[in-house]
Amino acid sequence: MTAPAHHSAFTWIRSTPIASLNLEVQEFRHQATGAPHFHLAAADDQNVFLVALRTVPQDSTGVAHILEHTALCGSQKFPVRDPFFMMTRRSLNTFMNAFTSSDWTAYPFASCNRKDFDNLLQVYLDAVFFPNLDPLDFAQEGHRVEFAQPDDPSSELVFKGVVYNEMKGAMSSPISSLYQYLTEHLFPSVTYHYNSGGDPQVIPDLSFEQLKAFHAHHYHPSNAIFMTFGDIPAVTHQERFEALALNRFQALDLQIRVPDEQRYSTPQRVTERYSVDGAEGLTDKSHVVVGWLWGRSTDYDEVLTAQLLSDVLLDNSSSPLRHALETTELGSNPSPLCGLQDSSKEMIFACGLEGTNPELAVAVEQLVLDTLQRIATEGVPQEVVEAMLHQLEFSQREVGGDGQPYGLSLILHALAPAVHGADPVAALDLDSILNRLRVRVQDPEFIKALVRRLLLDNPHRVCLTMQPDPGLAAEREAAERARLAGLKQALDAKAQQQVVAQAQQLVERQMRQDDPELLPKVSLDDVPADLVIPEGEQSQVAGYPTTWYARGTNGIVYEELVVDLPALPPELSDRLPLLCSVLAEVGSGGRDYLSTQALHAAVTGGLHARSVVRAGVDDLTAGRGVLVLSGKALARNQAALADLLRETLESARFDELPRLRELVAQERAHSEQGVVGHGHSLAMMAATSSLSPSAALSHRWHGLVGIRQLKALDDELDDPAQLAVLAAQLQQLRDLLLKAPRQLLVVGEAEQRDTLLNSLGRSLTPQLLATGLSPFTPPTPSGTVNQGWTTSTQVNFCARAYPAVAVNHPDAAALMVLGGFLRNNFLHRAIREQGGAYGGGAGYDGDAGAFRFYSYRDPRLAETLADFDHAIDWLLTERHEWRVLEESILGVVSSIDKPGSPAGGAKRAFHSALHGRTPEQRRQLRQRILEVRLEELQRVAERYLRHGQAHTAVITDAGRLAAAGGLGLEAMRL
């Protein structure tokens, strides 16, 4: 094989084509430092870069995480205070971030613009290898102590810091705590024992000197892995790597590795606590999880075998272990931790229950072991194993790219083996492993033997019980106050003045105006002239209006049944979100739910339903609502997919009442667990809920009101009569939907078109449309929202909203740009840097008809709400440069132009047009955004914000809301 072009400082190792991914992996090694470079050469102009360092902390101070933040606060070549966030404004990136995992830290970005890619590469390489590491940045991003009144040593000491508050928020999630406890006990001696993000109780132990020492030891090219994806040649990347960083280094003998864990000789049982609001009681609030340590994730034959076993046991409701967990009376739902985790050097398998009680822990563990023993004795049907192999093949083929760039997903998949010295190509080129696995599974003893080897005969097992403790939060707060009181008592007058001085120096640094021209940039001249939107082909299939998109989907077919929502009585409208959740989870086509779930796994990549109601482009009250039933499958299974979509919509069964009861409980748990992770979104939904019909519906269906209603419904369903009422409502709702107009969306490869559409024509039944059916119209809300929602959380989420306009209004473009302008130039500094929140910002929502401010994982309440007001004053009273407006326009256009996956781009085009966002409308709005001027921002801020009616919502805990005097908000318990 001929070596691809490469720089003389690099040695070519090998090239491996991977046909199923349409790319070639090219491996090189930097001669002077030994740093590997893996280039995924692909015909894709969304180029991706990532540099990763092995980072293996030996405590829970969060040193790797805080270093990740601090490294991005200025470097030798770019000595500005905040180059990372400044570059997010001066770039057309499609992705920018940094990640701290349990044993690596990575700095990735992506862009479709070559100039922009090189700009970002310069900043990233300098930040990683030549950061300034200023102690004030460590104080801001990591942790510090300040007086509650920063210039008054007589006031109390408090802890502050972005990562400190980020991790307080992260560890407010019971599931995050559960996972941390499990890894702590499964790994008693290696790095996974510790919280790599940082334990808020331990983070203050980290010193600045320890941070610098960690960087000196870990952030060297000899400990780095370079990965790239796209159509920029490897040699071009290497020329820049060498010139910008690598030529300044020589090899170091760094042995930064994770050793194998010492194995337990007998299973362990442990109990931990998590914080809850005790007002709702403690019964059925515990978690019991059984976890095993499996083999190394560096052997991809073993990894895929482990994944197959995990899927056989837990993939869907017909899987034997999941079925046992879903149907037992010992708990409400399978644990969210159920499944395989293969990112650490040695894999973890876990299963268990939530919604249980501590005294049932032994019974839960025995249920798991008895189920596994039965499988080891009786085995599973061969078709179940074949179905899971099909799922593995499907995941290998699917081209993603909607949540994050496809190339980055591939790189992250290959990163873990690269970090641990294994072959990352094996993690990408799964076809040969799948073929070997297909041969091995023909042995009827294969699954039985795996269950015995990896589970029943494996003594490295932990049964973890995590039980609720309503006093834990107060206990931790008391310990924090005592620690701070001890620190304050130890301060002499000189030390007190040092604390005051540091606080003042940090404020001065945060207010300093750095020269942005020290950083590279793109300008509006670099913005592509046109917005690329996939074009569909309209036709009729069996009487259904059908839109076909020819896209490079790598042999996968995507189909959607789109049903216009009819007018619904309020009691049925409230059940629509639940209908969407259960529709593909119950039986259909005359089958029970177990047989249906098994069939889904055997022939599809999944079926899902959702409801969408969007405001009109000209009138916020004139929106459209649809139910979308979507599915995907390998092309060879497209006929089966079409049949399943039809059967699911037309014959889904709601008479399996125990199954319905399980699904409601699962949906409740899922929604409650998402509050801390999505608190800012939920707070914004609440704040906008009286501003437009679609906003009110979002809050009622998917927001805090929806969660509260779901909890109430779940509590009612212990009464069999109420369960029967729910089943009748779902049946009635589905019957109404069957009378409404439907249309089809089909996405596949061009050569599949005729086969697909002909097959659909044979599968579909004629539409039975009711005459005079009125369209769905959500109720028009009214009133002013001022609400304080309380739950168990260590941090706050604040939102404020103002009435605005529909998306086609002449002011919409300026409002879109205004959000980034306020975030970039005021809110980021005030809320994140000075206030200590993990995030904050503002933006326009065309469906809600609102302009919204928000904060995320925020230690403050009243002060943040005041900062929202101060942002408006700042905009209207200060002078502003054209540069900052251009940066805000770039940010909006970059988000509009961001490419999706081949199928995702087609779906977005279809659904946008369905709701009035036609290609012409989208291009016209984009052009208006490019033409926004500063006086427009000030005019719309004056009109809609300064003189608008503010609507406020916060999510916090009851104690903090009371301590803040209630803030004039109506208290709402979640």
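Select cysteine 338 to begin: this residue sits in the loop between β13 (333-334) and β14. Helices (H or I, at least four residues) and strands (E, at least two) are DSSP runs, numbered from the N terminus. The model is predicted, so local features need pLDDT of at least 70 and side-chain atom pairs count only at pLDDT 80 or more, while totals for chains, interfaces and linings use all residues. Residues are numbered from 1 along each chain as its sequence is written, and side-chain values use heavy atoms, with hydrogens and water left out.

Cysteine 338 has a relative accessible area of 17% and is therefore buried. Buried means under 20% relative accessible area, exposed over 50%, and partly exposed in between (1.4 Å probe, protein chains only). Show its contacts (heavy atoms within 4.5 Å): not counting residues up to four places away in sequence, cysteine 338 touches Leu314, Arg322, Leu325, Ala350, Cys351 and Gly352. Valine 289 is 49 residues from cysteine 338 in sequence and 8.3 Å away in space, C-alpha to C-alpha.

Next, select serine 344, in the loop between β14 (339-341) and β15 (346-356). Serine 344 is buried at a relative accessible area of 2%. A polar atom of its side chain lies 2.7 Å from the backbone oxygen of glutamate 346. Leaving out residues up to four places away in sequence, serine 344 touches Asp103, Phe187, Tyr192, Ser297 and His420.

Go to helix α8 (residues 234-244) and pick glutamate 242. Glutamate 242 is buried yet has no salt bridge, and the nearest side chain of opposite charge, arginine 248, is 11 Å away. A salt bridge is a side-chain nitrogen of Lys or Arg within 4 Å of a carboxyl oxygen of Asp or Glu. The side chains of glutamate 242 and histidine 30 are joined by a polar contact of 2.7 Å. A polar contact is a pair of N or O atoms within 3.5 Å; within protein, one must be able to donate a hydrogen and the other to accept it, and residues adjacent in sequence count only if both atoms are side-chain atoms.

Now select arginine 240 and aspartate 118, whose side chains meet in a salt bridge (2.7 Å, N to O). Arginine 240 lies in helix α8 and aspartate 118 in helix α3 (residues 114-129), so the pair ties together parts that are 122 residues apart in sequence.

Arginine 509 forms a salt bridge with aspartate 134, with the closest N and O atoms 4.0 Å apart. This pair links arginine 509 in helix α18 with aspartate 134 in the loop between α3 and α4, 375 residues apart.

Finish at strand β23 (residues 786-790), where four of five residues are buried. β23 runs parallel to strand β27 (residues 951-956), with five bridges joining them; strands pair if DSSP finds at least two bridges between them. Threonine 790 stands opposite threonine 956 in β27. With strand β28 (residues 970-973), β23 pairs in the parallel sense over four bridges, and tryptophan 789 stands opposite methionine 972 in β28.

Definitions and conventions:
Lys, Arg positive; Asp, Glu negative; His and termini not counted.
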